[in-house]
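This briefing covers the pockets of one protein model and the residues that line them. Please look over the sequence and structure before reading on.

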Amino acid sequence: MSISLINTLQITQRNSKHFHRYFSISRKAFQRQETIPNIFDRETKLKQRERTCLDPEYKVYSYVHERVAQSLVDRIFDIKRTFHSALDLGCGRGLTASELTSDVIKRLTMIDSSARILNQIRPPVDENGHNGIEISKQHLDEEQILGDENSFDLVYSCLSLHWINDLPGVFRRVLNVLKNDAPFIGAMFSSDTLYELRVSLQLAETEREGGFSPHISPFVEPPDIGSLLQRTGFNIVTLDLDEIHIDYPSMFELMFDLKGMGENNCSRNRRLTLKRETLQAAQAIYQNMYGNQDGSIPATYRILYFIGWKPDPSQVNYFICL
């Protein structure tokens with residue numbers, strides 16, 4: 001082989017290496033970064049929730065959370081296991097934990113972003129079989145779950161996830177702290193929750209002010225949660241919906257109770273005030289479109305329950321047996 005041909009091959013190989021290096025660098029530079037949505041003002045939501053602690057009658061407003069907590073506990077009991085280490089994500093005042101028994105849960109870690117609410121957690125009721133559960137409380141933002149890998153047999157969350165901005169990140173962290181073949185069970189408000197109130201406020205504001213702003217926080221669509229769980233890596237994902245219908249004397253009692261629950265709007269693009277005439281018009285529209293014959297008005301809470309399992313080879317065998 002001639003010397004000129006050898007030099008040409010060496011130059012070609014050297015340029016090829018440079019090309020691959022530059023291509024690799026440019027591919028990393030132009031790789032699409034995951035953007036975290038910033039829909040909810042988490043600081044405002046924390047203030048709203050902690051403000052409920054100042055009301056000595058705060059237990060009066062927990063009726064929706066109590067109903068959902070009972071349904072969530074039923075789903076936990078349907079899994080015939082003993083969970084030696086469980087995590088309550090966004091525990092609130094511990095309404096779900098108060099329904100659990102020591103033969104199902106041995107050790108429970110309760111996480112919430114509000115220190116005041118953690119201090120108002122109801123003590124376990126011995127006669128209900130709660131005595132014997134080892135409970136630890138952690139003041140921690142729900143979006144920043146801390147825990148060792150493969151450390152929990154169960155993670156559950158009751159009516160907390162609908163205020164999370166970074167749901168994909170939270171789901172990934174939950175998957176990381178779960179042991180193999182361990183479930184993640186949750187309940188959250190889904191689309192069409194309080195649709196009567198949403199429609200009434202939008203129509204009234206459009207009529208009185210020529211446009212409307214979001215006064216009800218956006219809620220997730222059930223298929224989106226199912227897809228997100230699967231993309232995160234959860235297996236055997238199951239979704240089901242339930243509706244809770246509650247009658248109120250008027251729209252104003254409904255809004256007052258939502259504030260007492262700590263479930264008032266915290267969207268970043270929310271409007272902070274509403275004119276009195278707009279509110280009165282919304283009440284009239286609400287009554288005319290959805291009102292009951294006895295003069296009360298209904299409100300619909302649509303609850304999405306889900307369960308996803310951390311993958312394990314035994315799950316594949318289970319499906320093969322079916």
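How does the lining of the second largest pocket divide by class into nonpolar, polar and charged residues? The model is a predicted one. In the lining of the second largest pocket, 10 residues are nonpolar, 10 are polar and 11 are charged.

- The volume of the second largest pocket is about 510 Å³.
- A total of 31 residues line the second largest pocket, and R49, G92, D112, I117 and L159 are the ones that lie nearest its centre.
- Two or more residues of the lining of the second largest pocket come from each of α2 and α8.
- With six residues, α2 gives the largest share of the lining of the second largest pocket.

**The largest pocket**

- The largest pocket holds about 720 Å³ of space.
- Its lining is made up of 29 residues, and those nearest the centre of the largest pocket are H215, M255, N264, N265 and R271.
- At least two lining residues of the largest pocket are supplied by each of α2 (42-52), α6 (195-209) and α8 (251-261).
- The largest share of the lining of the largest pocket is that of α8, with five residues.
- By class, the lining of the largest pocket has 16 nonpolar residues, eight polar ones and five charged ones.

**Helices at both pockets**

- α2 supplies at least two residues to the lining of the largest pocket and six to that of the second largest pocket.
- α8 supplies five residues to the lining of the largest pocket and two or more to that of the second largest pocket.

Note on methods
Residues numbered from 1 in each chain as written. Predicted model: local features only at pLDDT ≥ 70, side-chain atom pairs only at ≥ 80, totals over all residues. Heavy atoms only, no water. 1 Å grid on protein atoms, 1.4 Å probe; cavity = no way out; pocket = protein on both sides within 12 Å on 5 of 7 lines; lining within 4 Å. Points joined across faces, edges and corners; volume = space filled by probe spheres on them. Helix = DSSP H or I, 4+ residues; strand = E, 2+ residues; numbered from the N terminus. Nonpolar A, V, L, I, M, F, W, Y, C, P; charged D, E, K, R; others polar.
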